[in-house]
Amino acid sequence: MIKLLTIIGARPQIIKAAAISRAIQAHFSDKIEEHILHTGQHYDQNMSAVFFDELGIPEPHYNLHVGSGTHATQTARITEGVEQVLLTAREQGTPFDGVIVYGDTNSTLAASIAAAKIHVPVFHIEAGLRSFNMSMPEEVNRIVCDQLSSILFTPTETGLQNLQAEGFAEDGIKQRVRFANGQGPRVILSGDGMYDNSLYFSKIADDKCNIIERLGLTSRGFVLATIHRPANTDNPANLQSIFTALLDIADRDQIDIVLPLHPRTRKMLDVQLTPELMTRIETNNHMRIIEPASFFEIIRLEKNARIVMTDSGGVQKEAFFFQTPCVILRPETEWIEIVEAGAGIITDADYARIMDAYDVLAGKEVIFPPLFGDGHASEKILNEIVKYIAD
């Protein structure tokens, strides 16, 4: 029996892990024993624990409870905690055969470092994504994690091309590179497990979640906005520009703006926005600020919105899955395929560009080509892990 340690710590990772856990239970229960470690990077009930209930993920075997802190502090605590779990299992004679990490958070980086240093293979799901902006902590995390990974599972052709440009190939990297087990790294074009999830959970969300009805919304009759990246929330000019655009769109088109507000962003509004803009937000009947949305709630909102406006990479992609155009409130995106397909427009926090992009996407028929696999990425990923460990 193969023993794997799955690392989660932030909301998107919990969602991604659901697809893998479901595939293990359905197709690999006789081959793989999964243990889940929650780093505690996200510790708010609405941002973490509720997702376990909704998505049917097994309760974590380990929880490091690291909480918030500087990047170095958080990374160090997680590295130490993951290493201890791996070493204890080894000392007890039940070692882990590999560690699964997702995406690009501090949890991803820290777990990769801990595992690689003691020769436990790292399997990176969502490898090869690049913004080419090294001021983003996520870019640092994903690049380092890719260099340490035994298998790099990339969701798209663009991700594969990024890795090849850095010296990786589908059958290894710079053939001289070898890990302690004698194997070189492998790059696998796997498709996207989030697409698996969206297909699986979409109907369940329609049946179980009434957020559209509860908020009195109509299908394709509102805008969904999400804002959480420090480049926007910590920059008064950026945050003011984004909220001014949202309010002007709401007033001009008489359309509701639904904004599930990240706890960190909510705290920043009074600090970063002018009193005049805060008054506009508080008195505008079309500005619908709500608590952070659960996974089912965000699916229904993404699926029914006229336009999504976000600085989240995951929300960009989910909007595409549900054929909803997206205004990207960042200077770049890892999901360049969405932009190339004409389904998303990058605006950064520039007021004029936001307004123009909204009008373009609202005024044309958008095409959504099949970019993210066939809905069976999780089974492919697990098959490749089983093959790797058997070699």
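The structure is a predicted model, in which local features need pLDDT of at least 70 and side-chain atom pairs count only at pLDDT 80 or more, while totals for chains, interfaces and linings use all residues. Residues are numbered from 1 along each chain as its sequence is written, and side-chain values use heavy atoms, with hydrogens and water left out. Helices (H or I, at least four residues) and strands (E, at least two) are DSSP runs, numbered from the N terminus.

We can begin with the sheet that holds S1. Seven strands form an open sheet with parallel pairing, in the order S3-S2-S1-S4-S5-S6-S9; two strands pair if DSSP finds at least two bridges between them. Strand S3 (62–63) and strand S9 (186–189) take the edge positions with a single partner strand each, so one side of each has no neighbour in the sheet. Helix H4 (residues 106–117) lies across strand S1 (2–8), strand S4 (98–102) and S5, and runs at about 160 degrees to S4. For such angles, axes are lines fitted to C-alpha atoms, for helices over the stretch in contact, and values run from 0 to 180 degrees between N-to-C directions.

The other sheet described here is also open and has parallel pairing, with six strands in the order S12-S11-S10-S13-S14-S15. Its edges are strand S12 (287–290) and strand S15 (344–346), each with a single partner strand, so one side of each is left without a neighbour in the sheet. On average, neighbouring strands of this sheet are turned by 20 degrees against each other, direction ignored. Four bridges link strand S11 (residues 256–260) and S12 in the parallel sense, and valine 258 has arginine 288 in S12 as its bridge partner. Helix H10 (residues 236–253) lies across strand S10 (222–226), S11, S12 and strand S13 (307–310), at about 145 degrees to S11.

Helix H7 brings us to packing between helices. The axes of helix H7 (residues 193–208) and helix H14 (residues 313–321) come within 10 Å and cross at roughly 50 degrees. H7 and H14 are therefore oblique to each other; angles under 35 degrees count as roughly parallel, over 145 as roughly antiparallel, 65 to 115 as roughly perpendicular and the rest as oblique. Met194, Tyr195 and Ser198 of H7 make the contact with Lys317, Glu318 and Phe321 of H14, where contact means heavy atoms within 4.5 Å. The residues of this H7 and H14 contact divide into three nonpolar, one polar and two charged. Here Ala, Val, Leu, Ile, Met, Phe, Trp, Tyr, Cys and Pro count as nonpolar, Asp, Glu, Lys and Arg as charged, and the others, Gly among them, as polar.

Serine 198, found in helix H7, is buried, with a relative accessible area of 5%. Leaving aside residues up to four places away in sequence, serine 198 touches Phe321 and Phe322.

H7 also packs against helix H13 (residues 295–304), at an angle of about 100 degrees and with the axes 9 Å apart. H7 and H13 are therefore roughly perpendicular to each other. Residues in this contact include Phe201, Ile204 and Ala205 of H7 and Phe295, Phe296 and Ile299 of H13. Its residues divide into six nonpolar, one polar and four charged.

Phenylalanine 132 has a positive phi of about 60 degrees although it is not a glycine. Phenylalanine 132 sits in the loop between strand S5 (122–125) and helix H5 (137–148), and is exposed, with a relative accessible area of 63%. Glutamine 323, likewise not a glycine, has a positive phi near 60 degrees. Glutamine 323 belongs to the loop between H14 and strand S14 (326–328), and is partly exposed, with a relative accessible area of 49%.

Note on methods:
Buried means under 20% relative accessible area, exposed over 50%, partly exposed in between (1.4 Å probe, protein chains only).
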